[in-house]
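This report describes selected parts of one structure, element by element. Please look at the sequence and the model before reading on.

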Amino acid sequence: MASIVVGQSLGLTLVGDGVSLRNSRKSKFVFLRNRKRLTRAALVQARPREDGASTPTPPPSSSRPTPAPVVQYKRADLADDLQAEARALGRAVDASIYSPELIARKHGSQPIKALRRSVEILTALGGFALKLGIDQRQGKLEVNMKKRAGELRRIFTRLGPTFVKLGQGLSTRPDLCPPDYLEELAELQDALPTFPDAEAFACIERELDLPLESIFSNISPDPIAAASLGQVYKAHLRYSGQVVAVKVQRPGIEEAIGLDFYLIRGLGKLINKYADFITTDVLALIDEFACRVYQELNYVQEAQNARRFKKLYADKADVLVPDIFWDYTSRKVLTMEWVEGTKLNEQVAIESQGLKVLDLVNTGIQCSLRQLLEYGFFHADPHPGNLLATPDGKLAFLDFGMMSETPEEARFAIIGHVVHLVNRDYEAMARDYYALKFLSPDVDVTPIIPALRDFFDDALNYTVSELNFKTLVDGLGAVFYQYPFDVPAYYALILRSLTVLEGLALYADPDFKVLAASYPYFAKRLLTDQNPYLRDALIELLFKDGKFRWNRLENLLQQGSKDRDFSSKDALQPVLKLLLDPNGEELRLLVIKEAVRVSEAFALGSVVDTYNSMPEFMRSLVFNGNGNGNGPLTMNPTELESTLELRDQVARIWGLLQSSESFDPAILQPIVQVLQQPEARRLGGRVAGGVGQRLAARFLQQLLRATTPSPTPVT
């Protein structure tokens, strides 16, 4: 037997997909030594080199040892890392993949077991359905909806891991569940009992084919976190002293989940066949969800997800993604860097460290937007237990078992959808749902347009800084629930992510609005992205009825400049290239018209400024007889005020571009090169001609006004 020495750990730490958490101050370490068994060499990822890397110090032999020293971890070179990953993949070669045919063949041959589980499920859900039927018969369906939603959450918890995951999945589907159920199921916690530690340690040795003491110098005797699919331990690697989190899969979980999905699919077939009032393909929905859950059962897949997520998003200094230790990872064991941190909803604990919750939430929002709209690969389980505030102020992402992807076409369609929302173009918004795959092409959107108008006309009376994101999501959810929408998982999950982040921010600031925090990102993308879809969306936003809306451009620049990645260089050059495109004649006509207006505004503004700077006697001398006692120009006050406002607005826009941190006069060089193109010279000539015509007309108007005698009153 191993001799066991107990020590005390320090710090409050949350890891992985756990929700049932323990204070690590109370957990104890088990130091495993002198084990009487055959010693096998441990597999070592990133083996310390001979170029100065420290070697681990063995644990002291006293009965009260000090914690193992933490040696600076040196990452292996790319070749070693890839080899370690390949070895991990080899250990996961027999990982199960979801197949309806295979689970039907397996569990269909075990009728007694399936019958026993069916009775358990039907008893729980049948009683719930009976209560719903009574509510409907008594006309109390709406009155009791909140109560029934809470009962369903508790039933799912009792039925085990599959139904916990199912409830969490339903909490992101506004097209399937009313708002009260969405809210209640979103609170579903993985409140399941832990499994014996001896089984977990045996699983580690079996999966990695190594004795426990050859891998870890110590490991916590109890799990630090427990969840539906597994539980997490804290340990020190023997070879380096690195502190790691070790996630071990629950025994028999694959068998239990397979049986449950076999039975749920049978129910889905019945719903598709007989429940005509449900427009969604329930069987396809079940298969999609089951596929995601089975992916979570393969911890090597989760490790690859974490590596990809780190590569895409941890380039920002305020985002942390833990490293993976591939040689200690298999399909049922995941070993990754331990992250010290505090749950994002523990405001007091975070602020006691001198950190600000709102800064961390803003980091989460910007990262979520990048996940959704830039690379399309995003975290699909964003509850507070998976988002930690580290002591140095970073936002750490954990638990990469359930990820999702946004199709490229949908990424741009979502930004276009925001533009249509700002323009209150509800017909275009309804058509967007085709591109977003919310509606099949044969669905008529005509009845949906009034529903969108009724909701958004009221919602858009608020400013962006006043509009609550949850209110917006709930309103959209009500529309989705009433009409034949089939909301893709990626869209529902990202809405949930932003709603969770807004909810966390409201603890710190009741006036926080996630839309206001998101708008700079949308503005930056519209101004700088060269994708043709977004270029068209920008034109649609800036032009209306043949007129350029300078206030919109000014607002976009104000908001876009708040994004730290905004570049005025990126905002200028793509616009000019689009303008000079061979197929851009229609846009050129609009721009020429607007350029003439702006040029005239600056010319006339200069005249007015000159006039205002003159002494009174010179004004009378120079402008005497122009027929206008109010100034140098024959313009009514409203027209003059509008002209001067246009000039001032354009000047402010130029000032916004200059104020960008990335502004450098050198950025004008490529623009000058663009303007030297033949099409640009022709465009400049047309603008100059238009300006000349307008000013000549103004001069002629002045001249006629001055030479035309005032009419003599008839007596």
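## Basis of the model

This is a predicted model, in which local features need pLDDT of at least 70 and side-chain atom pairs count only at pLDDT 80 or more, while totals for chains, interfaces and linings use all residues. Residues are numbered from 1 along each chain as its sequence is written, and side-chain values use heavy atoms, with hydrogens and water left out.

## D135 in helix 3

D135 belongs to helix 3, residues 111-137. Helices (H or I, at least four residues) and strands (E, at least two) are DSSP runs, numbered from the N terminus.

D135 has 3% relative accessibility and counts as buried. Buried means under 20% relative accessible area, exposed over 50%, and partly exposed in between (1.4 Å probe, protein chains only).

## Helix 5

Helix 5 covers residues 161-170, and because nine of its 10 residues are buried, this helix is largely enclosed by the rest of the structure. The buried residues include P161, F163, K165 and L170.

## Two positive phi angles

D399 is not a glycine, yet its phi is positive, at about 65°. This residue sits in the loop between strand 13 (395-397) and strand 14 (403-405). D399 is buried, with a relative accessible area of 2%.

K437, also a residue other than glycine, has a positive phi near 65°. The loop that holds K437 runs between helix 15 (426-435) and helix 16 (448-459). K437 counts as exposed, at 56% relative accessibility.
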